[in-house]
Amino acid sequence: MNATAPASHIGTIDPVTNLLLAVDGVTVDFDGFKALNGFSLTLDRGTLRVLIGPNGAGKSTLCDTIIGRVRATSGRVIFKGQDITHLPEHEIVRRGICRKFQTPGVLSGLSVVDNLMIAARRDRRWWCSFRQGVDAEEKARVADILETIGLADRAHIPAGQLAHGEKQWLEIGMVVATRADLLLLDEPTAGMGPAETSQTAALIRRLVGQHTVLVIDHDMSFLEQLDARVTVMHQGQFLKEGSVAAIREDADVAAVYLGRTKEEKHG
Amino acid sequence: MDMSIHRDTPTPLTGAPLSGPMAGPRFSRPVALSLALVAVAALAPWLVSAYELNLLARFLAMGLLAMGLVLVWGQGGVLSLGQGVFFGLGGYAIAMHMKLAALGEGELPDFMVWSGLDALPWWWVPFKSPLVAILGVMLVPGVLAALFSWAVFRRRVGGVYFALITQALALAFATLLVSQQPSTGGFNGLTDFQTLMGVDLGSTAAAHGLYWLTLALVAGAFLGLRLLMNSRYGMLLRAIRDGENRIRFLGYDPTPFKVVAFTIGAVLAGLAGALFTLHAGVVSPALVGVVPSIEMVIWVAVGGRNSLAGAIAGTLAVNLAKDGVSSAFPDLWLYALGLVFVLVVTLLPGGFAGLVGDVADTSWAKRLKSIIVGRSK
């Protein structure tokens with residue numbers, strides 16, 4: 001079943017290598033429906049990977065499983081050489097994984113800058129929230145991110161008043177502000193026009209190196225701008241991996257997408 | 001564009017202060033106004049009758065509980081329909097002490113004698129000590145609330161389910177008090193107190209002293225809660241209310257933040273219950289069950305659940321109305337209260353405080369203010 005999947009011999013991998021994340025034969029069973037079916041994936045430090053696949057292929061479920069929102073029925077998630085499969089969500093995040101959700105998850109009642117300050121806070125234990133004062137380094141980092149995501153002039157308006165695309169950028173900014181080693185970006189360009197999409201691609205390319213980035217998206221022109229290795233999922237399983245160009249030409253990938261299209265047309 | 005959402009003063013209504021990411025609490029105009037109000041209120045013993053002073057003292061005590069609900073419900077988004085339990089625990093803690101303090105060696109409180117009890121129940125014994133009683137007023141509700149809310153929030157029970165559990169708690173607590181008549185005084189509760197730590201509670205001096213104590217605690221709680229709401233903790237509490245999952249996936253554990261808020265709310269409710277018991281001279285199951293617990297939420301809904309001052313105003317207004325309506329038309333009060341609640345929820349989601357904020361934001365109010373203040377901006 002797993003013949004085409006990448007190496008599934010994680011137990012033997014030395015944690016001091018470049019390996020950051022290893023998803024090892026993970027199955028997620030929702031009452032008989034296998035959203036992930038023995039799926040494996042490895043990510044090296046500082047790399048960019050794009051995850052594509054038809055609707056229901058299990059892309060978001062994979063992100064949910066890595067971050068602990070959904071628990072693996074079997075298999076393991078190894079991060080920095082440690083098994084994080086069963087850790088509480090906030091513990092997983094504290095170890096250096098942060099996720100941008102499909103629908104923008106900004107805190108609409110707080111100002112833009114407060115959203116980022118909460119994300120940038122390094123000490124997230126509750127009893128430290130009573131301390132006064134702002135860490136200068138965190139403040140500088142937030143100012144930096146505000147410039148990068150182009151929201152410096154709107155820092156003090158409530159995040160709920162931002163336009164959709166700006167909310168997407170704010171949430172990317174929040175994910176970056178956490179200093180996570182691994183950023184999971186679920187459909188970062190949803191609802192964006194071509195110009196905004198290009199800017200987002202440029203933004204993400206700048207993040208690579210300092211962070212490892214896993215992007216889920218459908219938009220082919222966005223994928224070409226990202227120019228990263230692509231992993232294709234289908235029905236909770238690994239289908240293909242390769243460059244954007246190779247995936248574009250691949251007959252199996254085309255069949256998966258076309259088959260889906262036909263079904264939808266007839267349905 | 002940026003200017004349009006700036007208010008002159010950061011108020012709890014708008015959430016975090018807008019003047020900067022972590023602007024510290026400032027003693028701004030609302031606080032100055034509050035201090036002036038406290039000063040006026042401190043003169044009340046010479047301005048109103050003894051009866052009115054007693055009413056005011058009771059309502060102010062309830063205001064402590066209402067401010068706790070602002071933190072729990074308004075800021076934390078956790079609706080508790082069981083604040084009566086914590087109010088009652090505080091009230092019974094101090095009442096038990098006063099019953100015991102009035103007794104001679106080896107005597108039992110009157111109702112225990114009538115019920116045929118021949119020894120003091122073990123859980124009454126520590127309350128002989130005034131220190132235990134006063135600490136118990138805060139610690140019993142606080143510890144219970146912390147354990148209860150930790151168990152519930154850890155399992156991610158929230159929203160309506162949490163409200164229902166707390167309501168069940170209020171029902172169970174009142175039922176328990178009534179059913180354990182020999183050791184709790186049953187339906188009649190505990191009453192007929194004479195002295196607290198040697199002070200004759202019937203004296204004018206005691207009435208004035210207790211009133212000022214209540215006022216001081218209200219003012220202290222107001223300032224303390226304001227500091228807390230303007231702190232990073234307050235910001236995170238509101239953030240959890242608006243997006244618990246987003247906060248969790250930024251690496252925070254929401255549970256302790258909510259537990260802290262709920263515990264503070266319970267401690268304030270316990271203090272309120274103890275003060276109320278001292279002012280009213282009685283504590284009984286009728287004050288702590290489901291209906292009183294819902295009424296407490298209504299005070300805050302009417303006043304404004306995100307405003308400390310609004311919560312106190314709502315508590316005073318609703319209770320004054322209750323005093324008026326229920327003495328003239330005893331049967332009508334609950335209908336009137338229900339109607340007020342429906343109207344507030346549908347028309348004024350921010351309560352009185354929201355209305356005041358909205359009015360202050362209208363252009364004519366701003367123009368009026370600029371005329372009064374003498375500068376146009």
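## Close-up views of a predicted two-chain model

View 1. Four helices of chain B, namely α4 (83-101), α6 (130-154), α7 (159-179) and α8 (181-184), each contribute at least two residues to the lining of the second largest pocket. Sorted by class, the lining of the second largest pocket comprises 16 nonpolar and three polar residues, with no charged residues.

**View 2. S284(B) sits in a loop of chain B, between β4 (282-283) and α12 (290-303).** The relative accessibility of S284(B) is 10%, and S284(B) therefore counts as buried, the cut-off being under 20%. When neighbours within four places in sequence are left aside, the residues in contact with S284(B) are Y92(B), F187(B), N188(B) and G189(B).

**View 3. A salt bridge joins the side chains of D64(A) and R99(A), with an N to O distance of 2.1 Å.** This pair links distant parts of the chain, given that D64(A) belongs to helix α1 (residues 59-67) of chain A and R99(A) to strand β6 (residues 97-100) of chain A, 35 residues apart. Both D64(A) and R99(A) are buried.

**View 4. The side chains of D250(A) and K240(A) meet in a salt bridge, at 3.3 Å from N to O.** D250(A) is placed in the loop between α8 (244-249) and α9 (251-266) of chain A, while K240(A) is part of strand β10 (residues 237-242) of chain A, so the pair ties together parts that are ten residues apart in sequence. With a relative accessibility of 17%, D250(A) counts as buried, whereas K240(A), whose relative accessible area is 22%, is partly exposed.

**View 5. R241(B) and D242(B) form a salt bridge in which the closest N and O atoms are 3.1 Å apart.**

**View 6. A network of salt bridges in chain A links R121(A), R122(A), D135(A), E137(A), E138(A) and R179(A).** Over all chains, the count of salt bridges in the model comes to 25.

**View 7. At the interface of chain A and chain B, 38 residues of chain A are in contact with 31 residues of chain B.** The two chains, A and B, bury about 3200 Å² between them, and 67% of this area is on carbon and sulfur atoms. Within the area that chain A buries against chain B, I118(A), W126(A) and H156(A) supply 19%, which is more than any other three residues. The size of an interface is often expressed in this way, as the accessible area lost when the parts come together.

**View 8. Two salt bridges are found across the interface of chain A and chain B.** A salt bridge between the side chains of E89(A) and R156(B) is shown here, with 2.7 Å from N to O.

Conventions. Residues numbered from 1 in each chain as written. Chains lettered and ligands numbered in written order. Predicted model: local features only at pLDDT ≥ 70, side-chain atom pairs only at ≥ 80, totals over all residues. Heavy atoms only, no water. Nonpolar A, V, L, I, M, F, W, Y, C, P; charged D, E, K, R; others polar. Buried < 20%, exposed > 50% of the residue type's maximum accessible area, 1.4 Å probe, protein only. Contact = heavy atoms within 4.5 Å. Salt bridge = Lys/Arg side-chain N within 4 Å of Asp/Glu carboxyl O. Buried area = accessible area lost by both parts, 1.4 Å probe.
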